[in-house]
Amino acid sequence: MDAAYVVFQQALVLLIIVATGSFVRKIGLLSDAAISGINRLCLDLTMPCLLLMIFQKSVTRAEMLGFGQAVLASAACHIGSMALSWLIFARWKDKKQKPVLWMLSVLSNAAFLGMPLISAAYGDSGLLYSAAYILCFNLVLWTAGTLQFTGKISLRAFINPGFLSVIAGGILFIFQIRIPKVPADALNMLGSLTTPLSMLLVGARLLDVKPALMRSGATWLAAGVRLILMPALMLIGLRLAGLSGLTLAVPVVSAAMGSAATTTLFADRFGGDAALASCVIAVTTAICVITVPLFVLVISFL
């Protein structure tokens with residue numbers, strides 16, 4: 001119960017920042033060029049710093065084993081999500097919407113939105129297991145995600161700061177190598193910018209959402225699959241597999257977040273329906289303020 005309340009409070013804080021992003025865009029403080037620049041800053045600088053520093057903690061043998069379980073659980077979640085989304089959208093006729101809907105349903109905003117909520121509910125151990133989910137997220141994003149949009153997979157796609165920071169952090173974590181204090185403090189400060197900047201971006205993009213898309217069946221189908229169907233099936237599946245505690249809670253709560261903001265980037269880059277992506281991201285971000293605490297509450301009783 002306490003964890004659900006903490007998550008709800010933190011979600012409201014993030015919504016205030018989202019509203020601030022909409023306001024500053026409305027009055028002209030955030031231009032399209034600034035939004036694009038902040039987006040790249042988050043993806044290529046602040047987020048990699050955050051991901052790298054998550055692994056900079058001393059762990060017990062039990063936490064190390066738990067991290068391995070979290071990786072397996074997160075991998076199972078993503079594999080199940082990919083298969084289910086493929087079945088749901090296999091016959092979707094609009095070729096620009098089809099890969100966008102697939103990605104919106106499979107990939108959650110586990111980093112920008114999920115990490116601050118998981119940190120509030122489960123502390124540093126929760127963040128460590130969250131990194132396991134984000135590792136799987138990146139693997140899916142740059143393999144199956146790229147395949148959906150382009151029909152091929154490029155190994156060069158893995159050469160990006162986000163993916164490399166998780167790999168580097170994982171190596172440092174396994175061998176318990178600590179970064180010296182001064183650069184570590186700088187990396188922590190840069191990483192702490194990720195959440196407020198990303199939430200400002202979500203708010204700024206809300207102004208691009210067209211009312212007609214808000215009434216679209218595609219929008220609400222993707223939202224329902226993302227916020228209810230996927231996390232519910234994952235919760236049932238992982239619980240039946242015998243998982244409990246953080247190895248159950250963190251993958252499910254990560255999966256319960258709104259759709260991944262990176263979907264818009266992929267849609268823009270590869271000619272998908274970027275407007276639909278922005279709309280679903282906005283809708284799921286707002287609604288998950290209610291649905292995520294409910295999942296946290298259910299998990300607390302298991």
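**Pockets and salt bridges**

Guide: The model is a predicted one. In the largest pocket, 43 residues form the lining, and those nearest the centre are Leu43, Trp142, Thr262, Leu265 and Phe266.

Visitor: What volume does the largest pocket have?
Guide: Its volume is about 930 Å³.

Visitor: How does one find empty space like that?
Guide: A probe the size of a water molecule is rolled over the atoms, and this shows where empty space is left.

Visitor: Which helices each supply at least two residues of that lining?
Guide: They are α2 (32-54), α5 (110-150), α6 (161-174), α12 (262-270) and α13 (274-300).

Visitor: And which helix gives the largest share?
Guide: The largest share comes from α5, with ten residues.

Visitor: How many of the lining residues are nonpolar, polar and charged?
Guide: In the largest pocket, 20 are nonpolar, 13 are polar and ten are charged.

Visitor: Now the second largest pocket: how much space lies in it?
Guide: The second largest pocket holds about 290 Å³ of space.

Visitor: Which residues lie nearest its centre?
Guide: Met53, Ile54, Gln56, Asp124 and Asn188 do, within a lining of 16 residues. By class, this lining consists of nine nonpolar, four polar and three charged residues.

Visitor: Which helices each supply at least two residues here?
Guide: For the second largest pocket, these are α2, α5 and α7 (181-191). Both α2 and α5 also each supply at least two residues to the lining of the largest pocket.

Visitor: Changing topic: how many salt bridges does a search of the whole structure find?
Guide: The search finds two. In general, side chains of opposite charge can pair when their charged atoms come close.

Visitor: Which residue does Asp32 pair with?
Guide: Asp32 forms a salt bridge with Arg25, and their closest N and O atoms are 2.8 Å apart.

Visitor: Is Arg25 buried or exposed?
Guide: Arg25 has a relative accessible area of 15%, so it counts as buried, the limit being under 20%. Asp32, in contrast, is exposed, at 53% relative accessibility.

Visitor: And which residue does Lys181 form a salt bridge with?
Guide: The partner of Lys181 is Asp185, with the closest N and O atoms 2.7 Å apart.

Visitor: Where do Lys181 and Asp185 sit relative to each other?
Guide: They are four residues apart in helix α7, so about one helical turn separates them.

Visitor: Is Lys181 buried or exposed?
Guide: Lys181 is exposed, at 62% relative accessibility, whereas Asp185 is partly exposed, at 35%.

Definitions and conventions: Residues are numbered from 1 along each chain as its sequence is written. This is a predicted model: local features need pLDDT of at least 70, side-chain atom pairs count only at pLDDT 80 or more; totals for chains, interfaces and linings use all residues. Side-chain values use heavy atoms; hydrogens and water are left out. On a 1 Å grid over the protein atoms alone, a cavity is a set of points where a 1.4 Å probe fits but cannot get out, and a pocket is an open set with protein on both sides within 12 Å along at least five of seven lines; lining residues have an atom within 4 Å of a point. Grid points are joined across faces, edges and corners, and a volume is the space filled by probe spheres set on the points. Ala, Val, Leu, Ile, Met, Phe, Trp, Tyr, Cys and Pro count as nonpolar, Asp, Glu, Lys and Arg as charged, and the others, Gly among them, as polar. A salt bridge is a side-chain nitrogen of Lys or Arg within 4 Å of a carboxyl oxygen of Asp or Glu. Buried means under 20% relative accessible area, exposed over 50%, partly exposed in between (1.4 Å probe, protein chains only).
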